[in-house]
Amino acid sequence: MVCASHNQLLIEVIHCDTFIDNSLINVFYEETKAFEELEVLLAKYDICIAIKEKLVKDSGVAEDTAYDYIVQKLLTKPRARGAIIFGSDQEVAGLMRAVRRCNATGSFSWIGSDGWSARSLVWQGSEAEVEGTLSVQPQANPVQGFDLYFLNLTVENNKRNPWFVEFWEDHFHCRYPNSSRTPHNQKYTRACTTKERLTRDNTAFENQLQFVSDAVMAFAHAFKDMHRAVCKGRPGLCDAMKPTKGPELLKYLRTVNFKDTNNNDMAK
């Protein structure tokens, strides 16, 4: 869900953008809740929605014609040059390719959410289409020690992860010895030497890993607090946590209090 402050910031971006008519805007979204919150704010500030379209959420489902239709619809409203997009990188990449196919490059000013802005999948090959995009990103800090840990992983020392072989094959474009045949590795004719190594030169890290780390830590602390409360110090899962009830766990998630890897307070 997109928080109210995030939507408020988007409103400020609209008013500051001198390249668009700030009384008329287009909106594309995947999550209905995010759009509903934004719609209320747009009305509050007398900003009308010219065109609104819900994007297909599942990656690869929508065909090119679906994105072409959206762009062609945009072109029918020449006054509404600004467009807010709540979407993921796969869907927005499809939309930008459609902009190029429809000869609409440079026709719109995009305002992006953190789900796709700064993602290489969107801008690679569509640099001209995304040029000038204004985007909103939450502040994220590196997860201390993660890069060193990850760069030292190999297939041999990371057998606990059943998908690591697939990652390795995709990363180095080779077929790992004795790996199972999958739809993904059939295209690789070269065999992996097993001597390949992850380095800072060949491995790019997601900029928002901090939020994954924080989420995992939040669940860990919630389980710990719940176990302390209902199992009274008994080791292992007690009967009261078999099975763990979602609504009950949620109560503990909402009250977690801990410091993250960058020593920031994570509290309700």
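Which residues does N158 touch, not counting residues up to four places away in sequence? They are L153 and F164, where a contact means heavy atoms within 4.5 Å.

The model is a predicted one, in which local features need pLDDT of at least 70 and side-chain atom pairs count only at pLDDT 80 or more, while totals for chains, interfaces and linings use all residues. Residues are numbered from 1 along each chain as its sequence is written, and side-chain values use heavy atoms, with hydrogens and water left out.

The protein as a whole has 10 helices and 7 strands, the helices being DSSP runs of H or I with at least four residues and the strands runs of E with at least two, numbered from the N terminus. Of its 268 residues, 37% count as buried. Among the contacts with a separation of 6 or more, 65% are accounted for by residues 24 or more positions apart.

Five strands form an open sheet with parallel pairing, in the order 2-1-3-4-5, where two strands pair if DSSP finds at least two bridges between them. Strand 2 and strand 5 stand at the edges with a single partner strand each, so one side of each is left without a neighbour in the sheet. Helix 3 packs on this sheet, touching strand 1 (24-29), strand 2 and strand 4, and the direction of helix 3 makes about 170 degrees with that of strand 2; such angles run from 0 to 180 degrees between N-to-C directions, the axes being lines fitted to C-alpha atoms, for helices over the stretch in contact.

Strand 4 can be followed through its pairings on both sides. Strand 3 and strand 4 run parallel and are joined by 4 bridges, and S109 in strand 4 is the bridge partner of G82. Strand 4 also pairs with strand 5 (residues 134-135) in the parallel sense over 2 bridges, in which I111 has L134 as its bridge partner and G112 has S135. In a regular strand the side chains alternate between the two faces of the sheet. In strand 4 (residues 109-112), S109 and I111 point one way and W110 and G112 the other way, and all are buried. Together with helix 4 (residues 89-101), strand 3 and strand 4 make a right-handed β-α-β unit; right-handed is said of a crossover if, with the strands pointing away from the viewer, the path from the first strand over the helix to the second runs clockwise.

The largest nonpolar core has 21 residues, of which F28, V71, I85, L95, M96, W110 and W116 touch the most other members; a nonpolar core is a set of buried Ala, Val, Leu, Ile, Met, Phe, Trp, Tyr and Cys residues joined through side-chain atoms within 4.5 Å. Helix 3, strand 3 and helix 4 each supply at least two residues of this core, and helix 4 gives the most, with 5 residues. Leaving aside neighbours within four places in sequence, W116 is in contact with I85, G87, S88, D89, V92, M96, W110, I111, V122 and T133.

Several loops deserve a separate look. K77, in the loop between helix 3 (64-74) and strand 3 (82-86), is partly exposed, with a relative accessible area of 39%, and K77 touches A50 and I51 when residues up to four places away in sequence are not counted. D46 lies in the loop between helix 2 (32-44) and strand 2 (48-54); phi of D46 is near 55 degrees, a positive value in a residue other than glycine, and D46 is exposed at 61% relative accessible area. N263, in the loop between strand 6 (257-259) and strand 7 (265-267), has a positive phi near 65 degrees and counts as exposed at 53% relative accessibility. In the loop between helix 9 (209-231) and helix 10 (246-253) is P243, and the peptide bond from K242 to P243 is cis, with omega near -10 degrees.

Conventions
Buried means under 20% relative accessible area, exposed over 50%, partly exposed in between (1.4 Å probe, protein chains only).
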